[in-house]
Each structure stands twice: as C-alpha cells, then as structure tokens.
Amino acid sequence: MGGTQQNVLHFLMLVVSCIFAFLAPAAGQIRLAGSGSTWCSGRVEIYHSGSWGTVCDDDWDLNDANVVCRRLGCGTPVSATASAHFGQGSGEIWLDNVACSGSESSITECGHNGFGKHNCGHGEDAGVVCLGAHTRLSGPGSTRCSGRVEIYHSSAWGTVCDDDWDLNDAKVVCRQLGCGTAVEATSSARFGQGTGQIWLDNVACSGSESSLPECGHNGFGKHNCNHGEDAGVVCSGLIRLSGSTQCSGRVEIYHSSDWGTICDDGWDLNDAEVVCRYLDCGTALRAISAVFGEGSGQIWLDDVACSGNESSLIECGHNGFGKHNCNHGEDAGVICSVSLPKPSISVNEDQFTWGQDISITCSISSEFLDGTFTLKKTSSNFSQTETGSRSATFNIHRVDFSHDGLYQCQYEKHISSNTFSSPLSDSVRISVTVSKPNISISPAGEVTWGQNIGITCSISTQTLGGTFILMKTSDSFNRTQNSNTNSATFNIPEVDFDDEGSYRCQYQESGPSHEFYSPPSDSVRLSVTVRLQRPSISLTSPNAGLVWGPEGAQITGGYSFVITCSINSTFSSGHFILSFSGSNLTESAVNNSASFSFPVAEYEHQGNYSCVYEVTVSTRTFRSAETAPITVIIKLSLMPLVSSVSVVILLLLLLLLLAVWLILRRRQQHKQPAALIQTQMVVQVGNDYTWGDNEGDEDVYVNVDLHQKIKGEAAGVDGDWSDDYEEPVNDDDRDFKETDPGDYYRCPKEACMFVDNHREDDDEEKTSDAEDIFENVSPLSPVY
C-alpha cells in the first residue's frame, strides 16, 4: 500500500513538473524586444533558467545576426546593432563574446563565455535588423501571413504595384516572413488601398530570391500605377485559431483561397507544439478535440504527424490537402501557454477630485466572444467585472478617498469547463484629491495698520470634517483650523507690517491609508498701510492785525500772526509741514497739532499756506493729503503815516506858535514910544559913526529904519509916515549935517540908558566891532 502511494506521489510530481515545463518558454527561445522593435528587428533576448536575458555586444557581428534572423524566419541580416540601439534591457545578460559562423540553428550553439558570464552592462545590449524587417503585410483583414505587401525604403513604407505580380513573387514574400509557401498572389488592392509611395512595379521574381528588392523591377519609385493596384499575398503556411482566444482555439489553415479545419485523428501535443510556436504563443498545453465548436467548409488535413520541430503544419506528415474521413465534430484545437494577451488599461484623467465620476477602460488586442474583463485594485479587495468582446469600461461614480490607489485589468475566457485568464495589465494610478480651495480677505483691498482682518478659505467639495491650512508664501507662517463645514476663517487682529504678504489655503483630509491634500489655492495679497486724514489749518493774529477778505486773510504789516495745523489721528508722533511760497517749515505735533508763529508780518510772508502731516511707523513714512490753502495778504500799516503826519502837524503848530510869539513880542515893543525914539536917535548916531565897510552895518541900518519908524509914531506922526520916507540909494544921497560931538549927549539920561539896554538885548551876538560902536555911544555927561 505504501509503495502504491509513493508511486502516485511521484506521478503527481511528474505531472506538475510537466505542467510548469509547458507553461514556461522553451530554453534557448529567442525574441526581439525593445523600443521600436518589430517582428524582425530589435534587441536580442534569449530564455534561460526561467528568465529572459540579453546578449552583450562584445564581438557581435553579422554572422551572429544571421543565426538570429534565420531562426526567426526573417531572412538575412541587414545589420548587427550594438550599444543598446533598441534600448537597454533588464535582468540577466546571458551571453557575451558570441562567435557564430552563421550556419548554426541558434546562437546558443555558437561559441560564448557561458551563460551569465560577462563583463558588460545593459548599455551594451546587442540587436539585429533582419531583411524581413523591411517587408510587412498590412490592410483590412490582414494577418501575420496575409495582407497587402509593403516594403521599407528611404525611411518610408510603400506598396508594390500588381503589374506582372504572380505566385513566384508571393513565394519570396512568404518565405521571407516565415509564412511557408505562397498560396495566392492577390491584386487590385484586395486588402485595401495603401498610402504614400509605390516603391516597386513590374516585379519579376524567380521564387528563389531572399527579398523582393533582389527581383527584377523598374527601380524604386518608378511606376505607372495607383493604390487601386496594390499587390498582396496569402501564404500557404497561414494558421489561425478560432472560437476562443489568440492562443487557444480551433486550428484552421488557409489553402486554395479558403480556410479549413484539421481532423483530430492522430492529433497530439507534438502537433499542437508546432501550432503554438508558429503563432508565437509559447508552448502547447493541450491538444484538444471539438472543444471550441465546429468549424465549416473544408477539412484540409487529417492524420497529422509532427515531431514538434517543424516550422509549419504543412511540413508535418498528413494524408494530403482535403483527404480525410472526418466531420467537423472532430475538429482539432490547441491551448497554448500564452492563451490570452495582456490587456491594456487606460483612465480618462490622471487626477480626480473628490465626488467626481471616473471611467477606466480595459481592452485586448484580439476580438473574443463572451469574454470577461475584471478591474482589480492592488491594495484592496476591490473588484468589478464587465463583459465585452474586445473592451469594457468601468464607471466609478462619486469617487472618494477610498478609491485612491493602483488598478489593473485581467481578461478571462470560459471554454467548456476551462477558464483561461490573461496576464494582468500594467497598472494605472487613481489619485483622488479635493478641489483647489478659494481664498478671500475681508475687508478687501489695502487695510489700515492696527485693523482687524479675516482670511476665509472655502472649498466646493461636500466632504466635511477636514482641516484648512493657511500659509504665507514668504515665511514659515502656518495656521490650521478644523472645520465641520466647507469653509474656515482665520482672524488676524491689529495687523501690522509684519503681516503683509501673499497667503494661500490648502485643504487636508484623512483617508483610509494616508493624508490627502488639495492643491494650494490661488494667492491673495495682504497690504497694510497707514491712512492719515487731511489736516485742518487755521490763522489767527493775537494783536488784531487780521482782516478776512474775499481774496484771503489780510494781515497788517508789522503785526504778528499764527498758523495752526491739526489732525485727528491715532498716530500722534508725527510732525506737520507748513508750505508757503516755495518754503517749508516743520514742527513736531503736540496733541495732534502744531503752531507756526510769525512775530512780525512782512511782505515776504505773503502767499498761500498749506499743511501736511507726516508720520513714521515701523521705518516706513506716510504723509497725509495737503490741506486747502489759506491765502495771506500783507497790507501796509497806517501807524508810520499817521506818525509822520502828526509830526508835520506838530512842527507846523510850533512854527505857528513861534510866529504868534514873535508878533506878540513886537507888539509889546511898540507900546514903548519914548524908548523907541531914543533908540532911533542913538542908532542913527551909530549909523553916522560906524558907516563903513563892516558887514554888520546892514543890520544896524535896518534897526535905524525901524527906529525911525517908531520915532515917527512917537512924534505923533500918522501911520503913513513911512510913505514920506525915501530911502537913499547910497550914502552920497544922504545929507548929513555937521554937528558938534557934544550934541550927541544931549538927551535924557533915561533915554540913553534905554538905548544901551535895548542894544544889549538885541545884539548880544554882535562882533567886537559892533560892541565898540556901543562903547562909543556910552552915556557921557548929560547935557542939560
């Protein structure tokens, strides 16, 4: 019993090992990969020890490339590329210093250092460009081995004209593409019209050439055709799988312009291996019968017998085309290790706002019926399924933070009791965030120093319970506020210049696994200023020298006046600037005012006066608006004029009084006739005695005339006595009488004394000569 169990266990282990062997690519398998790679050009990679690896370009040449191109059915090599021409690979570098003669069936048979032994990096990855890379089959309904023939020349793809196009030409194409022998050479754009250049016309191949350019033709670009004459091919080795997936299904081959099935008689895993390898679907997992439904039309092959190394089914043993004893209930099929291609995944946007609807699309390169796409989230159990033949779209409504993460697609196909699953697609990331917040300042615009302000952050999303963050862009200022609504207000009391700057908001929400932050809001700028009212200005004159008129304030010259500037402001440490006639005066403010005193008004003080208040707050200076001007007019003072007139009047009065005094005195003198007579006499004597050259005689002479007049009055002569007097023209006209000297002294003593006294009173300032005269008439002995 124990031996039986051991046998069963060994058998199961053998089965599992076989399954893993079938699932993995065959050792030594070659593929071309990398950026810009095609079926017949790319970075050379080989499969070894369960992983793909590259080949180092040390000693890499055309002989090595020839083995690769022939192995892939891509004809002869065009170039052996080096230095990671098709991009750097990853993982192992399996071979280095490869040395092929060119006749080997695989580069693993060529000389090399040994698997994994190298001194290279992936910047030295080797590649090939095979001649087959310059031929392709395209157009509607085309496959790998059927379609419109196009060749690559002068950096552009172009078609071939169908003039003289035949099976020999098609045979060259099919062999070059590894599609067996030619079944049909099509014409008249059977696979649709191409575009661009028509490179070849009148192609004439023998069938043994390795490529079309080696055949006869008119020359590149020389033709008389249009794209309605594009040539094509259908190669005999064409195989397809129907009823399932790209790498599993009912086997069908193309022959005699028709598709047909294969009978399952003698059908085994070796036959299936040839099909899977031909379709580049890995290795065969199963060779099955009538699982993928019945085909129609011809049954082309029966009793197929492959060794597993053939490149196409038609190279295997069989009864001949169309020779069979089967029906479509015996149609053969295969399941290859690469049964389903990897789907692609796309999302309509990279980033989504909380509450937004999103769409994720999964698609597959081939069309399958009744397949199922599954959308999976890598970090959770999230899974959704959609049925589709080639693609499916997953709609997620009103996303929230739980939807944030990586997503992948997978395609599944159920056939009979078997389920075939594709590899997982590449991942796409769904980033869920909240919308950009709005920000505003109240009051808006420039605010006053010391004012209270509020900065409000709001968000349009309906999520609640988040945190608003207020940031200042110029420093480390940062405030947070939790909110149960969609907004929050940050109050800044008594702002000063340190609060100036640009502010932004951000919204933060806690998700299941990490924190979510909104994009920062637009910025708003907080500008702080000091607003000063317009000062007031007033004018006074303490000694009443001010009169207000229509032209302004009239101040009498010489009077004092005071201009006072005042302001209602909380900034009391400033100063006032008084401007007038191009001059400025400055006074510090005391109790929000300042007085400018002008003790004596002068004409230079005339002009327009205005005040400005200036204050410095935190090293910044602010100035108020200028007051309305006061016009000051300096008028001439009347006091000097009045004083001058008063002086003149006083002088005139003094002169008048002097004149009156003189008149009164003379009149008083007229009241003494005897004395005057005597004086006249004495003066006359003096005139006789002193007449001569003395300059003072004129005054004496005048006095004589005056005394003569007085004498006449004393003698009782009328006031007209002066009319009888004739003044002699000169001394010669006078008739002087000779007298005795003693006659001069015949007068009363009183009269002579009077004359002396009178003389002394009137002529105190006479010269000594005049005094001698009086001495000569001094009283002598009276004569009685």
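**Notebook: strands and backbone exceptions**

I looked up an open sheet first: three strands in the order β19-β21-β24, paired antiparallel. Its edge strands are β19 (344-347) and β24 (391-396), each of which pairs on one side only. Neighbouring strands of this sheet are turned by 20° against each other on average, direction ignored. For that angle, axes are lines fitted to C-alpha atoms (for helices over the stretch in contact), and angles run from 0 to 180 degrees between N-to-C directions.

I note the basis here. The model is predicted: local features need pLDDT of at least 70, side-chain atom pairs count only at pLDDT 80 or more, and totals for chains, interfaces and linings use all residues. Residues are numbered from 1 along each chain as its sequence is written, and side-chain values use heavy atoms, with hydrogens and water left out.

Strands (E, at least two residues) and helices (H or I, at least four) are DSSP runs, numbered from the N terminus. I take two strands as paired if DSSP finds at least two bridges between them. Strands of a sheet pair through backbone hydrogen bonds, either parallel or antiparallel.

Serine 363 stands opposite serine 391 of β24.

I then went to β31 (residues 467-472). Five of its six residues are buried, so the strand is largely enclosed by the rest of the structure. Buried means under 20% relative accessible area, exposed over 50%, and partly exposed in between (1.4 Å probe, protein chains only). β31 pairs with β32 (residues 478-482) in the antiparallel sense over five bridges, and isoleucine 469 stands opposite threonine 480 in β32. These two strands form a hairpin with five residues between them. β31 is also joined to β34 (residues 501-510) by six bridges, again antiparallel. There, threonine 467 has glutamine 508 of β34 as its bridge partner.

Last, I looked at backbone exceptions. Most residues other than glycine have a negative phi, and most peptide bonds are trans. Asparagine 97 has a positive phi of about 55° although it is not a glycine. I found asparagine 97 in the loop between β5 (92-95) and β6 (127-130), partly exposed at a relative accessible area of 26%. Threonine 619, also not a glycine, has a positive phi of about 70°. Threonine 619 lies in the loop between β45 (607-617) and β46 (620-623) and is exposed, at 76% relative accessible area.

The peptide bond joining serine 442 and proline 443 is cis, with omega about 0°. Proline 443 is in the loop between β28 (438-442) and β29 (447-448).
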